[in-house]
2 protein chains.
Amino acid sequence: MIRKLIEKIVKTDAPIVVGLDPMLSYVPEHITKAAFEEHGETLEGAAEAIWQFNKAIVDATSDLIPAVKPQIAMYEQFGIPGMIAYKKTVDYCKSKGLIVIGDIKRGDIGSTSEAYAVGHLGKVVVGSKTYAGFDEDFATVNPYLGSDGVKPFLKVCNENDKGIFVLVKTSNPSSGEFQDQISEDEERPLYELVAKKVVEWGEESMDGDYSNVGCVVGATYPEMGRVLRKLMPKTYILVPGYGAQGGKGEDLVHYFNADGLGAIVNSSRGIIAAYKQEKYSAYGAEHFADASRQAVLDMIADINGARK
Amino acid sequence: MIRKLIEKIVKTDAPIVVGLDPMLSYVPEHITKAAFEEHGETLEGAAEAIWQFNKAIVDATSDLIPAVKPQIAMYEQFGIPGMIAYKKTVDYCKSKGLIVIGDIKRGDIGSTSEAYAVGHLGKVVVGSKTYAGFDEDFATVNPYLGSDGVKPFLKVCNENDKGIFVLVKTSNPSSGEFQDQISEDEERPLYELVAKKVVEWGEESMDGDYSNVGCVVGATYPEMGRVLRKLMPKTYILVPGYGAQGGKGEDLVHYFNADGLGAIVNSSRGIIAAYKQEKYSAYGAEHFADASRQAVLDMIADINGARK
């Protein structure tokens, strides 16, 4: 699957991913109003609003970008109707030819991790039939439980040509509390130990020059990004924290390999709520999707300016 | 909410929780057959089978136990119909007076963690209304992202009288890969650093003698359990790994405080698939729920024998 993602990145010349993390407060009033008129102020109404919001943004940007990253928490907060909106978003994005990275940050042990893997990337057996539950192309995975938690994902990835991005160094201010602890035995921080394991796991799932086992390293820690890039030469890095969280294109130069590949940078709020920024305010709420399109173009220019 | 859980534990004299982690292979044929006849071999059919399986076990055991712990992965693997079965299970268990620990192992940063917290423990705002999406009483939380990931859960817990169990030391064989790394600065393993943070977070959410911020420590590491018990005197420990994973009642003595409280031990497969064990085979598949009831009684006796 990483090969397919790379093909799309090369074709669009855009190593970026749009984070479809819709808060209701981002959705323009004309959309929520229509959704609430149809479904009332209900979970179904909220789910309809975020789905219509997503659809408009995907329609306005899908020719420019290789991939989207819906953040499942933003849907899960609306219960079952929210999960249905998540699934609709995944399916719609795939129908538009986009690669879908499910930002689900799951991770458990043994058969439980396998159930997550099967539900999001694989196929579950029901009697004599098999079904894909959510059917994303990639999923993000939390490594705290160790290899027992990650290997079931590898198995499902290898059987279904899918991929994962394992959290290594996250973009948030307190990510260092545990991730930066220096291991006495290994004389390096925990995030580097996770990175070493990512390389090991990745060897079991090579797909061309890169592995289907990618990782997450935040844009907000560029010095660590530089070190991690070298430590994991065949690992694709999914980079959150660009834009709204403070990361800039120039910070990201060292997340890429010499081949110009190796990293894909996410922006969520900076794209989907672009019309709320002063820079794009001329579009107005009515033309929010056009503002998102312009924000995508600006982001591609910023990232490529640094990358090339 | 921990106060309510303790009241239920004292009333039932059973510091145990039944893990509702239904694999289709655990469900007796007469149940799957009926579900497939109604819905076909579909995701809906699978979801109906696990729901009927759960319902029978809950009906047969709810007078004996304080709480259940549905593992969401086992439902999520069946996509949307599976999530609906999860929600039905949560609601049904609450209607029977049980405390519901959602084993969701979520964790993200900032507004994303808040969305998970709101979706599982709180209420989401839709226009002028509010709704509880999944509405468990407790949720399990992954700490890898640090305080940014956990604090949004605290906020929601305090607003809604709910609780969390933070993963400290998990029961699986490879849990030590990262959790046991000795921090050079702190001269103690990572799981103890997480434990210290659990205590700190817990101080913000005291509810009687214990905190609404509990933790997870596997039954399979009794020596670490002993140390962690002392390090976190006011923290309830949710203990997985009993039974099928190898932990025994006698291993668990030191997970309890001198007041006989402080720990709640989970068994999943050992209870819900009891009829498949030789010990309970006389019940047969037809009477699987009675086998589960007997397994609960045996587990209570084993744990209380060690605890008292």
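This is a predicted model: local features need pLDDT of at least 70, side-chain atom pairs count only at pLDDT 80 or more; totals for chains, interfaces and linings use all residues.

Modeller: Residues are numbered from 1 along each chain as its sequence is written, with chains lettered from A and ligands numbered from 1 in the order in which they are written.

Colleague: How many residues of chain A are in contact with chain B?

Modeller: Two residues are in contact if their C-beta atoms, placed from the backbone, lie within 7 Å. Here 60 residues of chain A are in contact with 60 residues of chain B. The chain A side comprises 27 nonpolar, 22 polar and 11 charged residues. In this scheme Ala, Val, Leu, Ile, Met, Phe, Trp, Tyr, Cys and Pro are nonpolar, Asp, Glu, Lys and Arg are charged, and the others, Gly among them, are polar.

Colleague: What rotation superposes chain A on chain B?

Modeller: A rotation of 180 degrees with 0.0 Å of shift along its axis does it, at RMSD 0.0 Å. The two copies are therefore related as by a two-fold rotation axis. The same surface serves both, since 100% of the contact residues of chain A recur in chain B.

Colleague: Which residues of chain A and chain B have the most contacts inside the largest nonpolar core?

Modeller: A nonpolar core is a set of buried Ala, Val, Leu, Ile, Met, Phe, Trp, Tyr and Cys residues joined through C-beta atoms within 7 Å. A residue is buried if 20 or more other C-beta atoms lie within 10 Å of its own, exposed if 12 or fewer, and partly exposed in between. The largest core has 220 residues, and those with the most contacts inside it are A:Val166, A:Val168, A:Val239, B:Val166, B:Val168 and B:Val239. Beyond four places in sequence, the contacts of A:Val168 include A:Tyr191, A:Val198 and A:Leu228.

Colleague: Where does A:Lys105 lie?

Modeller: Strands (E, at least two residues) and helices (H or I, at least four) are DSSP runs, numbered from the N terminus. A:Lys105 is in strand S3 (residues 99-106) of chain A. Its phi is near 40 degrees, a positive value in a residue other than glycine. A:Lys105 counts as buried because it has 28 C-beta neighbours inside 10 Å.

Technical notes. Copies are superposed by least squares on the C-alpha atoms of residues with pLDDT of at least 70 in both.
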